Amino acid sequence: LNVTAIASLTTASGYLTVYPSGTAQPQASDLNYTPGDVVPNLVVVKVGTGGYINLYASSGPTDVVIDETGWYE
């Protein structure tokens, strides 16, 4: 996935974590941002329960754009 944080609404620095649904949130970030940033990053994540992924934004509401760039089995 190409995950882009558009942190125009945030008031504090933060990070995004992308992980499979049905699993525990990992203790690692996939991208870090500060207020006003637009930060893209390529993220490889396994599809979880029901074919979904989870997204955690540490600093609260953050606009995020996710593009699927491919997959493999």
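Author: Isoleucine 66 is partly exposed, because its relative accessible area is 38%; buried means under 20%, exposed over 50%, and partly exposed in between (1.4 Å probe, protein chains only). This is a predicted model, in which local features need pLDDT of at least 70, side-chain atom pairs count only at pLDDT 80 or more, and totals for chains, interfaces and linings use all residues. Residues are numbered from 1 along each chain as its sequence is written, and side-chain values use heavy atoms, with hydrogens and water left out.

Reader: In which strand is isoleucine 66 found?

Author: Strands (E, at least two residues) are DSSP runs, numbered from the N terminus. Isoleucine 66 belongs to strand S6, and valine 3 stands opposite it.

Reader: How many bridges join strand S1 to S6?

Author: Two strands pair if DSSP finds at least two bridges between them. Here five bridges join S1 (residues 2-6) to S6, and the two run antiparallel.

Reader: In what order do the strands of the open sheet stand?

Author: The order of the three strands is S4-S1-S6, with antiparallel pairing. Strands S4 (38-42) and S6 (63-67) each have a single partner strand, so one side of each is left without a neighbour in the sheet.

Reader: Is serine 21 buried or exposed?

Author: Serine 21 counts as buried, at 10% relative accessibility. Its place is in the loop between strand S2 (14-20) and strand S3 (31-33).

Technical notes. Helices (H or I, at least four residues) and strands (E, at least two) are DSSP runs, numbered from the N terminus.
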